[in-house]
Structure formats: C-alpha cells, structure tokens
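I opened this entry to log what I looked up, chain by chain. The notes follow the order of my checks.

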Amino acid sequence: MDYKPIRKVVSGNYAAAYAVKHARVQVVAAYPITPQTSIIEKIAEFIANGEADIQYVPVESEHSAMAATIGASATGARAFTATAAQGLALMHEMLHWASGSRLPIVMVDVNRAMAPPWSVWDDQTDSLAQRDTGWMQFYAENNQEVYDGVLMSYKVAEQVNVPIMVVESAFILSHTYDVVEMIPQELVDEFLPPRKPLYTLTDFDNPISVGALATPNDYYEFRYKLAKAHEEAKEVIKKVGREFGERFGRDYSSMIETDHVDDADFVFMGMGSLMGTVKQAVDILRSEGYKVGYAKVRWFRPFPKEELKEIAESVKGIAVLDRNFSFGQEGILFNEAKGALYGTGAEPLIKDYIVGLGGRDFTVPDVKAIAEDMKRLIEKGELDREVDWYHLKR
Amino acid sequence: MAESPFKADIERVGKEYSEKMTPGAIATIPGSSVINKTGSWRVFMPEFNRDKCVRCYLCYIYCPEPAIYLDEENFPVFDYDYCKGCGICANECPTDAIIMVRESK
Amino acid sequence: MEIPESVKKRLTLPAEEHFYAGHTACQGCGASLGLRYVLKAYGKKTIVTIPACCSTIIAGAWPYSTLDANLFHTAFETTGAVISGIEAALKALGYKVKGEDGVMVVGWAGDGGTADIGLQALSGFLERGHDAVYIMYDNEAYMNTGIQRSGSTPYGAWTTNTPGGKKHFLEKRHKKKVIDIVIAHEIPYAATASDAYPEDFIRKLKKAQNTPGPSFIQLFAPCPTGWRSPTDKSIEIARLAVQTAYFPLFEYENGKYKINMPSTKKEPKPIEEFLKYQGRFKYMTKEDIQILQEWVNHEWERLQKLAEVFG
Amino acid sequence: MNTLFGEKKEGATKIVLTKADEYPEAPVSIGTTLSNFTGDWRTFIPVIDDDKCVKCYICWKFCPEPAIYIRDDGYVAVDYDYCKGCGICANECPTKAITMEKEEK
C-alpha cells in the first residue's frame, strides 16, 4: 500500500475514462448520449494525444455499440462501452447477448431518468430495469468509486466471465469534479494482468461456434451455468475487493458498505450517489443523538443477501431510499431487500422512501426528516404505509 | 467405392461430445453437423449412370449439402447418408447421367 | 477428401471443403450453397458472423457446427456492428485483417437482416470503413420465420403476408435496391453474384478479400420452399434471374461500374422465363407481369448507362 | 397589441404546480413557451434603420425565433422579448438596414 497515488481533480465521467485507459482496454465502442458523452470524448482525447492504444469504433447507435463490444470481446480483446437511460434501454437485447455469450465486458451506465417526460437527470430506474439481463451491477457513490469500480470490475468479470455494469449518477457524479486518487499504470498492470479469454475466435486451427441454437434439452443448463457464475462471483468480488484494499488502501471487500450499524436503531439503505448525502447526514444525526446507521449497497447484482441478513438481524428498522420505482409494485431495492429477508428470521420494520426521481434534489434535511419519521414508526412498532413518495407535492 | 469423407469426423464428434458442456453455448468441434444424417429427408434419390458421365463435376459444384464426392477414378459418388434429394444435380447434369427416382424405403 | 491435381484443374472451384454435410437446410437450398462457396473461397482463417436467419439453423444447433471456421451467432440487426467489433479487436490484437494471408471477417446475413432490420448497422459498418466483407444472401423474403415479405421481395410475389386471395393482395412494391444503397456509401468494392455462377462469385469474393476497406456482395440465393419452386430448379432459376436481367451481375469498384458475364452477352430473355418455375408468382396477372417487366427493363437500362458513363 | 404574438404573449404565464393532483395524467404540455422571454440571452441587439429598409422581408423570412414582425406601416420591427441576438437578420439584409450593436443592460 506504499505507493504514491496520482491525485487529479476530475469529473465522474473522466474518472471512468482514466480507468479505461489504465485498464489497458483494447476496443471501445462509442456512441454519445447525455450525460455519458464526456467519457467517450475523454477516451478519444487519450487516443488523439497518443496516451492510449485503443481501437475506437464510433458506432451508429447504442444497440450497435453493445454489438460491436460483444464482437470485440468474443474475439478476445478487452472491450468497453458506456451509455445512459434510453441508450441502455436500446441495448437491452444485446445485454442478454453479452451475458449469454459469457463475455467479460465492462460498461459504464450513467443513471438517467427514462422518458417521457424527457429528463436527463439522475434516476436509477434505467439500470435497475436491466437487472434480469444477467449482468452484474456495481453502484458508485463518488468519483473515486467510479474509477476503482471500473478497474475492479475488469478483474472480477474476467474471472467469472460475466459482464459488469458500473453505474454512476447523472451530473451529480458524471459532471461534478472531485479529487480522485489514481493508481500509477505499472501498479494497475500488476493488479490487472492481460485478459485470458474463456474462448476466442482467433484459433483458426480449432474453430468454434458461439451462441448457436440450443434445444430445450440444453438451454436450461446454460442458464444454470450463468446463475452459478453469479453465485460464485460473490466470493470473487470480495476477494478482489480485499486485494484492491491491500494494494491501494481502499477496501471493497464487503458488498454492502456499512457504518454505525452495530448500535443503530435503524439504518438507511440505498445505492449510488445519494448515499454520500446520507453518510454526511448520519454523522450529523449521530451528534444530535439519533441512533442511526448507514448501509450502502455496492453490488446490486449479484445481490448480497447474506450481508443484508447480518445487518437486518442487528437493527429494528431499515429505511430504504429508492431512486427508482417498479410500477405496479414498489421501489426496486425495497422489493429485493424484503425478498432476501423473507424466511431468514430477521424481521425489522422496512419502509420504502421513493426519493430523487428524475434528479429531484435529495439533501441532508431530507435525510433528517426521514430519520424523524422512521424513529416515530419504530417507537410505534408498526408501519403506517409501506411506500412513501417522500417528495410528492401534497 | 470410396469411403465417405465424413466417416472419421462422425466418430470424433461422438467421442468428444460425450459429456461436454461449455459455458456460453460454444460448439467446439467444427463440422460436427456430420453427425446429423439428413439422408432420411429424401423422397427422390439421384441414380447415377457412370457410362454417361463426362466428369464435368457440375453436380459436385452445385450440391448444397455437399453430399457428392469423388471416387478413385474421379467419378462422382453420392453420399446417401446426407443427400436430401433436392435434384439439383440431376437438373444441372448436361448428359443426363443423373436421374431422380422415387425412393423405396 | 483428397482430390488429385488433374481433377482439381478441371474443377473451376477451390477443391477444399470447409462446409460440412448434415446441416438442416431444406432440399435445394441456395443459402447453404452460397455459404459453401464462401468458405471455399476464404478457407479456415475466417470469422463468420451470422444473425438470426435460416443460416442460424443451417450452421447447426449446439453443440454442432456445420462450418469449419470460427462462427459467432448474433442478434438479427447487428451483423454490421458485430463484424466492426471483431475487426477492431483483431487489429487491437495485432492480426492482419483482409488480404491473401489475413484474417477474413465475414458477415453473412439474409435479405431481411440486411435490407430491413439490419440496414442501420450495415450503413454504419460501410461508412466507418472496416476491413470486412458483408454478404447478403438474398432469398427475397423472411424465409426462416415462414415466408413473410421483406424489403427485398419483388413485385407480384406471393408470401404468407401477401397471400393473394380475392382482393389480389400481393406484394405491391418493387425489390429494394440494397446494392444501390450500399454504393451510395462509396465503398471500395460492391458486387452482385448468383449461386448459378459460382466461379464469378468466388472471383468476387477473392476481389473483396484483396480490396482494403468494406466490401459488400449481394448473392442471389434461391429458396425452393419460399418460392414454391421444384428443389431441382434452384440453380436454373438463379441462372434465369441473371439471363432475364432481373438480377444482373455487376461490380462497383472505386467508383466504376462493370457489368459481368454473362449479363453482358446478349439481350435479356423475357421475365416470364424467370417466373415460370416459381409458384410464388402464379397469382400475377398479365398486367402485373408487364409492370414487373417494365421495372426490369428500366433498371437494366439504368445499369447499362451507369456502366457506360462510369465504366 | 402590435407584436408577433400579441395578446397570446400577454396571456402566457409561467405555470407552477404545487400539488401532485394538479398534474395531468400523461406528460402533456399545457402551456406555451411564450412565457419564456429569451430576450435576456442577447449580447448584441439588432437595430433597424427604417430609412434604409426596402421592405424585402428577408430578415422576417430567416428569423429563427421568430421575433421579427411586420408593422402596420409595412416596415419590420423586432420583438426584443424574444430576440436572442443571433444576427442573421443583419447579415442577410441586402441594404444593411439592420446593424448589430452591443447591448447595454
């Protein structure tokens, strides 16, 4: 851990671009969409300045961006692309293709609300709507986590052969500048060796066929293999996160980052940048005598069931902050958390707060108000309602 | 008559695929479709008259399977394991050395 | 299979076979024949990309493969994009792409996957100038799903969603001229080819191999099942399509048009010759045939003029 | 009122909804952009010299807002509430009747 980090003040998007450069990615498929565009702009700048040796494919749609990335990854190259909202939705078909072909692609998705009405601001529904595509999902809280997340994701993905989506918040991270500690290239190279593909299309003496039709007799087994890979990925994620911590001083060995959970009455649980606000609010609330904790879900897929159970066992309540919504049901993280806890014996009060949809500001006073509400409910011992549209103009 | 060129492949495919499951639906043996004997699709079968054949190989060129190969004397041979009986060879043969006859099973 | 040198000389096509029997194409399939020719021309050092189409099935269900070459199956509309990605990766990994000893990246898509749903990816691929070959095997309808009309279906054709009937509901639009759309991208090499002229097709494949940049070949591949034609007439129909100037053979190379043999040879035969074996045209009235004939005449005249002016 | 949008402009007000119930079911817009006075984007302002104007209306034809209207007397005028100061009118005017001047706020 005795290395000298390179400190740079960069936006979340630039942090992602630097990580792509440092990971020695070989092929990048680029298609612009707000607020992702500055990632591919920065990568193009690296190429233009001779700082990175990357094959840059300026495709004609996000669907083709993912298709080209899949082609490149299947051929054996380390491949990258980035997108947001509508672009991610357009990619949907190819997301299945990437995971089904077991390609370790890493993609950055900048969380943006789905239209209509048009919105370019932060909202997690776009990435969470892709949860069943077989991709792993890493949610970054700040620019540093975007950088670290991309580097770690390549290492994890290439071990389990499952693609990973690194998710950051529109504008809140993507366009906001912050200090990011970058790792010198030679140390990244030590951490992340060149890719050893599961298969390649370049062995011409032993040709293969990838992704052919599978009859009902075989399809089922392939799905099971992918499910098993996700299950195994949990250990790999923890191992790689620990190794990252040992090498570079920032530990990612837990899939849920926690703080003040041990003696807390209740915890806030959420994903992405809004947990940065919560982190600050928790410190303030603690100084005011509230017994609150903090649980940030870093990896949404594979879902850290076991870690969640541990947290749930020690607290009386969980306030889930969902910057997303599954229509006809409830917040997606809330839904997942309840499902994961069913039958485990850990039954804290869980309430779902729908916050910040479409980039609605979510600030420290909001966290305080939610803490107030949660405290009241725990004292009462029961919920008034499960889902609270917190910001709604009433 | 010469042996089918696919015979060795069939044995290889059978052996290698006995209990093999690869992630990502990868078929690792090229040309392994030879295990699938499509000759059973046939209704009409090509009948070959060696005396009329001028060895122009048009039948060989146009066979979509391909199920026509050459014997020691370089005359075409029909691999009835795979021939689906489409009749292109008979239609293209300039000397009518191939005729399609109803197959009795 | 070992073929003696004396025979190889007379064969007019490469003797090596990288396309195996046992595939599940219908009897008399033009697409499988086309794929056989492609692999004869390019050999093993090839990466073929096949989207959803008949060839997905022809190439074999897991764990089997009809091709003795690397094959990547992809989604319907992505052929152009996937071959772009493969080409970029090959370059990143330091392979020589295209050329006599280079790796051949081949997109092999049907007419629906090229003229309709895949047109955007095709356009992007052509415009970005990747070193790959895109081959559209044109059987003039969505055959894998059971004969539905595509942009490439000709005037007056029966398909399952232009079924004729009392209202004479047949395809009312002429064939989409994909090759013209491709040429509008001003790529180095584009050509039409036919299953009935394999020597010409393989020559064109070789030319595409040795021309840097994107190449496109539109292959006329008869489909006896979809065209309601006798299986043995596949080659004859493909030949008649060329002889009636319905599907003339030509090349576009660096801005120059060249009509190929045998399209140059003599006056085209009447279009009825092409229609006669095909059940899909049996609902056409005399007027319909006249309309199709006029379209063919016009297109043929246009092509001749292009060859004359830009020859 | 003699401007391009006249009374419509006067009636255009900013819509501020304070209750979820007030929102329409689908995101259907209920106001116009006339309430958005883009005139304050302007750095340079077009000034029209009526003496030089030949009433060719080329400025009117090419105004992208549109913020140029034709007065009762046939001359043209600029609606400064919306004019963003792009300068197309000045550049296209054949008689140089429109000049762009730095705006003093």
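I started with chain C, which has 12 helices and 8 strands. Both are DSSP runs numbered from the N terminus: helices are H or I with at least four residues, strands are E with at least two. This is a predicted model, so I kept its limits in view: local features need pLDDT of at least 70, side-chain atom pairs count only at pLDDT 80 or more, and totals for chains, interfaces and linings use all residues. Residues are numbered from 1 along each chain as its sequence is written, chains are lettered from A, and ligands are numbered from 1 in the order in which they are written.

**Chain C overall.** I looked up the extent next. The C-alpha trace spans about 60 × 45 × 45 Å along its principal axes. The radius of gyration of chain C is 19 Å, which agrees with the value near 19 Å for a compact globule of 311 residues. That radius is taken over C-alpha atoms, and the globule rule is 2.2 Å times the number of residues to the power 0.38. Of the 311 residues, 60% are buried. Here buried is 20 or more other C-beta atoms within 10 Å of the residue's own, exposed is 12 or fewer, and partly exposed lies in between, with C-beta atoms placed from the backbone.

**Helix α4(C).** This helix covers residues 79–92. Its 14 residues reach 20 Å from first C-alpha to last, close to the 20 Å expected at 1.5 Å a residue. The expected span is 1.5 Å times one less than the number of residues. I found 14 of the 14 residues buried, so α4(C) is largely enclosed by the rest of the structure. C:Gly94 follows α4(C), with a positive phi near 90°.

**C:Ile259.** I then picked a strand residue: C:Ile259 lies in β8 (residues 256–259) of chain C. Is C:Ile259 buried or exposed? It is buried, with 21 other C-beta atoms within 10 Å. Leaving out residues up to four places away in sequence, C:Ile259 touches C:Pro248, C:Phe250, C:Thr264, C:Leu303 and C:Ala307. A contact means C-beta atoms, placed from the backbone, within 7 Å. C:Pro248 is 11 residues from C:Ile259 in sequence and 7.7 Å away, C-alpha to C-alpha.

**Chains A and B.** β9(A) pairs with β1(B) (residues 26–27) in the antiparallel sense over 2 bridges. Pairing requires at least two DSSP bridges between the strands. B:Ala27 is the bridge partner of A:Ser209.

How values were computed: Two residues are in contact if their C-beta atoms, placed from the backbone, lie within 7 Å.
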